[in-house]
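Open the model in a viewer and follow the stops below in order. Each one says what to select and what is there.

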Amino acid sequence: MGLGSWIGGQFIDIIEWTEPSQNEILAHRFTRHKNEIKNGAKLIVREGQAAGFVKEGQLADVKLPGMYTLDTKNMPILSTILGWKYGFESPFKCEVYFIATRQWTDQKWGTQNPVMYRDPEFGPVRLRAFGSYAFKITDPATFLKELVATDPSFELYEISAQFRNVIVSRFIDALGGAKIPMLDLAGNYEKVSNLARERVAPELAKMGVALTQFFVENISLPPEVEAALDKRSQMSVLGNLDQYAKLQTADAIRDAAQNPGGLAGLGANLGAGVAIGNAMGGAFAGAGSAPGVVTPANTTSPAAAAGPPPLPTAVAFHASIDGVASGPFDLAALTQHVRNGKVTRATLVWKTGMAGWVAAQTVPELNALFADVPPPLPG
């Protein structure tokens with residue numbers, strides 16, 4: 001320190017700390033030449049502050065907001081330490097620490113890694129959580145002893161990591177003890193916050209700090225688990241797969257009606273809607289007994305759907321008899337017409353699905369009808 005600073009220190013009679021608003025200083029040691037304080041000096045402690053006097057490594061006194069004259073009358077503990085029995089006039093050496101006792105808000109906390117949580121519905125899951133909290137120093141003496149020690153400028157960053165570790169650890173304990181289902185956590189943030197604050201507050205009190213506010217802002221799942229839940233929610237919204245197929249059909253009709261040329265593709269759209277509904281219904285019916293797969297309430301299990309298959313539909317053909325398209329005829333009727341000669345190998349026939357009329361002898365399904373009928377004589 002230069003000569004000017006030393007001379008100035010000899011005439012300092014006001015001890016105060018004007019904390020810059022942009023700084024995050026929790027404790028500040030008042031600086032002066034050789035730590036000398038004159039008898040009768042004025043001490044100003046503003047609101048949101050406390051002042052602690054340390055002599056020879058021992059905390060001698062703590063002053064709350066107000067203005068004080070430093071003499072033997074209002075500093076009995078310090079006077080005893082210094083051996084002032086009859087008053088004093090000369091300067092005395094003592095360290096003065098100012099402690100910021102205002103509330104520190106919007107402090108962030110969060111889990112650096114996912115934590116395991118046993119959910120009653122989904123089993124073990126990994127959760128992440130984050131939020132904010134506020135604190136204030138309520139016991140300056142304990143704070144000085146436990147944290148500040150001899151640090152001339154104790155800043156927030158020096159203790160924020162320790163606070164965060166304590167909060168996360170006790171939050172996990174509180175969350176596990178609450179046993180709230182994962183899907184119900186969003187509606188119980190206040191309950192979880194209160195439980196966590198009850199567990200965190202005693203730990204911070206050991207350092208002279210009070211936890212004034214604690215908030216849980218979000219509890220989230222890993223992306224892959226969220227994607228699985230989205231799929232489950234999607235199927236729950238679909239619900240009745242038969243109704244889903246009908247909805248697809250109705251949408252196809254509406255779209256075709258709005259599109260002047262869309263009626264041509266209406267049949268394809270209707271078939272696609274029905275096919276989607278049937279395929280989804282079959283897939284979920286087949287997977288209904290698999291572990292972990294949710295079967296919609298209106299789908300029928302394989303055991304309940306067991307029964308005889310539907311009877312095969314009779315094949316029906318149209319035939320050109322006496323130059324006139326007749327029918328449709330089933331195989332029994334066609335057999336009778338073959339016997340009485342009205343249907344021959346050369347007779348033109350047609351059925352649904354065929355592109356056009358063809359000779360009966362070219363249809364594999366009708367070959368058996370002509371097994372006993374001799375072919376025509378060669379010309």
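Which residue in strand 16 does S320 stand opposite? Select S320 and look across to strand 16: the residue there is A325. The model is predicted.

Next, select strand 15, residues 317-321, together with strand 16; the two pair in the antiparallel sense over four bridges.

Move to another sheet, an open one of three strands with the order 1-4-7 and mixed pairing. Strand 1 (14-15) and strand 7 (66-69) are at its edges; each has a single partner strand, so one side of each is left without a neighbour in the sheet. Select strand 4 (residues 42-45) with strand 7 to see antiparallel pairing over four bridges. Here V45 has G66 in strand 7 as its bridge partner.

Then turn to side chains. The largest nonpolar core has 63 residues, and L127, F143 and F171 touch the most other members. Helix 4 (residues 157-178) gives the largest share of this core, nine residues. Centre on F171: beyond its neighbours within four places in sequence, F171 is in contact with W109, A129, V192, A196, F214, V216 and I219. Finish at another core that lies apart from this one, with 13 residues including V338, L366, L369 and F370.

Conventions: Residues numbered from 1 in each chain as written. Predicted model: local features only at pLDDT ≥ 70, side-chain atom pairs only at ≥ 80, totals over all residues. Heavy atoms only, no water. Pairing = 2+ DSSP bridges. Core = buried A, V, L, I, M, F, W, Y, C linked by side-chain atoms within 4.5 Å. Buried < 20%, exposed > 50% of the residue type's maximum accessible area, 1.4 Å probe, protein only. Contact = heavy atoms within 4.5 Å.
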